Amino acid sequence: MKFKMIIALYYYYFQMKIENLSDLLVILHTARTGSLTGAAAALGMTPSAASAALKRVESQLSTRLFERSTRAMRITDEGRILLDYAQRAFDLLSEAETQVGIDQAELVGVVRLAAPSDLTRSVLMPWLNEFLNLHPAVELQLHVGDRPMDVVRDEVDLALRYGELPDSQLVGRLLVAPQAVLCASPEYLQRHGTPLSPHDLKHHNCLTYMRGGQPHRLWRFERGGVVTDVRVSGDRSADDASLARAWAVAGYGILFKTRLELEDELSDGELIPLLTEWNTEIYPLHALLPSARFVPARVRALVEFLVNKFRSR
């Protein structure tokens, strides 16, 4: 089936009279980097050669694939259609190359995974190690950070991301929907007192971090159908949520974070839950895949592995 799809895609390109498939790599990298210079650097060629490749494809298709400006290159609607098909073709070829000559049941190749920092350190690391031990021919390239990567544009096969799914170009698989917990260390509470209502947080040092690419400073609580939003502040903020967790354990302030990532600290008494009579936000965690891209077996297997791990947890 995979090879039939490859043949069909190649036939598509042949009918469109694209003479050099390597020129399509220039299109892909220009879209990813936003410039011909970036594409040339990624492919180890000169900018003039990359420019010539782009002009050849546009001439062969009699259409403009990018709108040029002095600052960047923006892909056109026609260019995006070609990009989607080209990406699928190269993904299929890559998958075929890894499968030729090996046991078809064996998973082989690279998985490029992007995941939030604290989730990776507190939950995912042993699971990923277990997955790699089960599939020794798989290589993991892990991108860790709390600024969400663009799954479509960046070279990422799979991204784990908190929040809803506003992007129609993505396919999401819900992994878990943990609830946030307000907490602080015993040392902090002894020095500064315990908040008795969400509004008391305005008088406390609140530790914030990036969520969805933005500082998470608006904390939401609900009780009896009444929603209370509190805009918090503090002397520490980080773009790595694991640092905020470490500050909380060290007694520097109050933290508002998913229970999923704080289970060890809460069970050990390093952090104490606060305002437990209030309901807090739910942070759905999804596994995101580009909707138009072929998904290799190794990526599908990792998604299923993580789904089962979260269910058992």
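Is Cys183 buried or exposed? Cys183 counts as buried, because its relative accessibility is 0% (buried means under 20% relative accessible area, exposed over 50%, partly exposed in between, with a 1.4 Å probe and protein chains only). The structure is a predicted model, in which local features need pLDDT of at least 70 and side-chain atom pairs count only at pLDDT 80 or more, while totals for chains, interfaces and linings use all residues. Residues are numbered from 1 along each chain as its sequence is written, and side-chain values use heavy atoms, with hydrogens and water left out.

**Overall composition**

- The protein contains ten helices and 16 strands; helices (H or I, at least four residues) and strands (E, at least two) are DSSP runs, numbered from the N terminus.
- Of the 313 residues in the protein, 45% are buried.
- The exposed surface comes to about 15,900 Å², of which carbon and sulfur atoms supply 52%; accessible areas come from the Shrake-Rupley method with a 1.4 Å probe, and for residues only the protein chains shown count as cover.
- Among contacts with a separation of 6 or more, 75% join residues 24 or more positions apart; contact means heavy atoms within 4.5 Å.

**The five-stranded sheet**

- An open sheet of mixed pairing is formed by five strands in the order S4-S3-S5-S16-S6; two strands pair if DSSP finds at least two bridges between them.
- Strand S4 (138-144) and strand S6 (170-176) stand at the edges with a single partner strand each, so one side of each is left without a neighbour in the sheet.
- On average, neighbouring strands of this sheet are turned by 25° against each other, direction ignored; axes are lines fitted to C-alpha atoms, for helices over the stretch in contact, and angles run from 0 to 180 degrees between N-to-C directions.
- S3 and S5 run parallel and are joined by two bridges, with Ala159 in S5 as the bridge partner of Ala114.
- S5 and S16 run antiparallel and are joined by four bridges; the bridge partner of Leu160 is Ala287 in S16.
- Six bridges link S6 and strand S16 (residues 285-290) in the antiparallel sense, and Leu174 has His286 in S16 as its bridge partner.
- Helix H10 (residues 297-312) packs on the sheet and touches S3, S4, S5, S6 and S16, its direction making about 30° with that of S6.
- Helix H6 (residues 117-134) lies across strand S3 (109-115), S4, strand S5 (158-162) and S16, and runs at about 180° to S4.

**The three-stranded sheet**

- Three strands form an open, antiparallel sheet in the order S11-S10-S15.
- Strand S11 (226-231) and strand S15 (279-280) are the edge strands, each pairing on one side only.
- Strand S10 (residues 218-223) pairs with S15 in the antiparallel sense over two bridges, and Glu222 stands opposite Asn279 in S15.

**Nonpolar cores**

- The largest nonpolar core has 45 residues, and those with the most contacts inside it are Leu124, Leu158, Leu160, Leu182, Leu201, Trp219 and Leu302; a nonpolar core is a set of buried Ala, Val, Leu, Ile, Met, Phe, Trp, Tyr and Cys residues joined through side-chain atoms within 4.5 Å.
- H10 gives the most to this core, contributing eight residues.
- A second, separate core comprises 18 residues, including Leu24, Leu28, Ala40 and Leu61.
- S5 is mostly covered, with four of its five residues buried.
- Not counting residues up to four places away in sequence, Leu158 touches Arg112, Leu113, Ala114, Ala287, Leu288, Leu289, Val299, Leu302 and Val303.

- The whole structure contains zero disulfides; a disulfide is a pair of cysteine sulfur atoms within 2.5 Å.
- Cys206 lies in strand S8 (residues 206-211) and is buried, with a relative accessible area of 1%.
- Leaving aside neighbours within four places in sequence, Cys206 is in contact with Leu201, Trp219, Val232, Ser233, Gly234, Arg236 and Ile254.
- Cys206 and Ile254 are 48 residues apart in sequence, and their C-alpha atoms are 4.7 Å apart in space.

**A buried threonine**

- Thr30 is found in helix H2 (residues 22-33) and is buried, with a relative accessible area of 1%.
- Beyond its neighbours within four places in sequence, Thr30 is in contact with Ser35, Leu36, Ala39, Phe66 and Met73.
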